[in-house]
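Welcome! Take a look at the structure first, then read on.

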Amino acid sequence: RALDHDVKQAEASTLFVLGDENTLRHALPELLAHVPALRDAETIGVAAGEASKSLGVCQEIWQHLTVRAADREALLINLGGGVVTDLGGFVAGAYKRGIRCMHVPTTLMGMVDAAIGGKTGIDLGGVKNLVGVFHDPLGVYVHGPFLRSLGKRELLNGVAEMIKHGLVRDADHYESLREAPLHDLDALTPLVQRSAAIKAEVVKADPRESGLRKLLNFGHTIGHGIEAYSWEGGQRALLHGEAVALGMIAEAWLSWRQGLLPRAACDRIADHLLSLYKPYALQGDEHHRVIELMRNDKKNSGGQFRFTLLTGIGSARTD
């Protein structure tokens, strides 16, 4: 209802819905059933998966918008998970120096993290989110029943970011996640709302990541390196949340080694994450490649890595 109202209020010259092959098949019919204002929108489809976050796919979408004579009053609705909202936000932010967009996340990762905060990005040369802009959507619209279509692995992908929110900002939220039956969507719903609220609070206070928002990078400095390495082959390719979970184990250990986090807390975090996510074994000669990939991290400064480390369960320190 809120989305239907806001689409009408936007008075767009043309409406487009961007989705991947899965969301256009499974989520679009439900979206159109609830949002009559989008029934005349044109759909744009991309392949599902991280490979769509590329300059080539952006170029195809921009050309499509151009052929359809989309002007600066056009409105792009991004229907999908983090890949679609990252891609669609970037496409909207760059086309004619910025057209309006709205996000309708269909995955848990999208609902609690990727769709919130105005960060957009595509991958380049195997480096995740290397090219992007800040482009705030008009709104983010969460429809809980979309989660019913997700498998266990996709749900856990988003849960990793929820655990991160608790570890850096809200110990009670972390404890609730430890105890919750994660397969029960009714139990998960209030936790999704809390995680989205934590992300939104931090982003509102620091929209361009000059200070507080860096808290949300916990687990990501090492996690992004492991994720990128996993794409290069050898072992299984990791989802973003799976890599972040492993990054949180590593960065909790660093927090302990730096004297910031008690050893008992470090062990408790590692045991919890390893009860949910599979380990990913790296041999000694592979460490160098992971560190090389970490050198492309956007938080680095003066050739040095910049970590967010825990000072306790529910609190962290940046840089």
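Let's begin at a pocket: the second largest pocket is lined by 14 residues, and Ile-222, Ile-226, Ala-250, Tyr-280 and Leu-282 are those that lie nearest its centre. Keep in mind that this is a predicted model. From the pocket we move on to a sheet, the helices lying across it, and a pair of packed helices.

**The second largest pocket**

- The volume of the second largest pocket is about 380 Å³.
- Which helices each supply at least two residues of its lining? They are helix 10 (220-231), helix 11 (240-257) and helix 13 (284-294).
- Helix 13 gives the most to this lining, with four residues.
- Sorted by class, the lining has 13 nonpolar residues, one polar residue and no charged ones.

- Four strands come together in an open sheet, and their order is 2-1-3-4. The pairing is parallel.
- Why is one side of strand 2 (42-46) and of strand 4 (100-105) left without a neighbour in the sheet? Both stand at the edges and each has a single partner strand, so one side of each has no neighbour there.
- From one strand to the next, the twist averages 20 degrees.
- As a bit of background, strands of a sheet pair through backbone hydrogen bonds, in either a parallel or an antiparallel way.
- Strand 1 (residues 15-20) pairs with strand 3 (residues 75-80) in the parallel sense, over five bridges.

- Helix 4 (residues 55-67) lies across strand 1 and strand 2, and runs at about 165 degrees to strand 2.
- Helix 5 (residues 82-94) lies across strand 1, strand 2, strand 3 and strand 4. Helix 5 runs at about 165 degrees to strand 3.

**Two packed helices**

- Helix 7 (residues 152-169) packs with helix 8 (residues 171-179) at an angle of about 145 degrees, and their axes are 6 Å apart.
- Helix 7 passes helix 8 in a left-handed crossing.
- On the helix 7 side, the contact is made by Met-162, Ile-163, His-165, Gly-166, Leu-167 and Arg-169. Helix 8 brings Ala-171, His-173, Tyr-174 and Leu-177.
- By class, this contact has six nonpolar, three polar and one charged residues.

Notes: Residues are numbered from 1 along each chain as its sequence is written. This is a predicted model: local features need pLDDT of at least 70, side-chain atom pairs count only at pLDDT 80 or more; totals for chains, interfaces and linings use all residues. Side-chain values use heavy atoms; hydrogens and water are left out. Axes are lines fitted to C-alpha atoms, for helices over the stretch in contact, and angles run from 0 to 180 degrees between N-to-C directions. A crossing is left-handed if the near helix is turned anticlockwise from the far one by less than a right angle, and right-handed if clockwise. Contact means heavy atoms within 4.5 Å. Ala, Val, Leu, Ile, Met, Phe, Trp, Tyr, Cys and Pro count as nonpolar, Asp, Glu, Lys and Arg as charged, and the others, Gly among them, as polar. Two strands pair if DSSP finds at least two bridges between them. On a 1 Å grid over the protein atoms alone, a cavity is a set of points where a 1.4 Å probe fits but cannot get out, and a pocket is an open set with protein on both sides within 12 Å along at least five of seven lines; lining residues have an atom within 4 Å of a point. Grid points are joined across faces, edges and corners, and a volume is the space filled by probe spheres set on the points.
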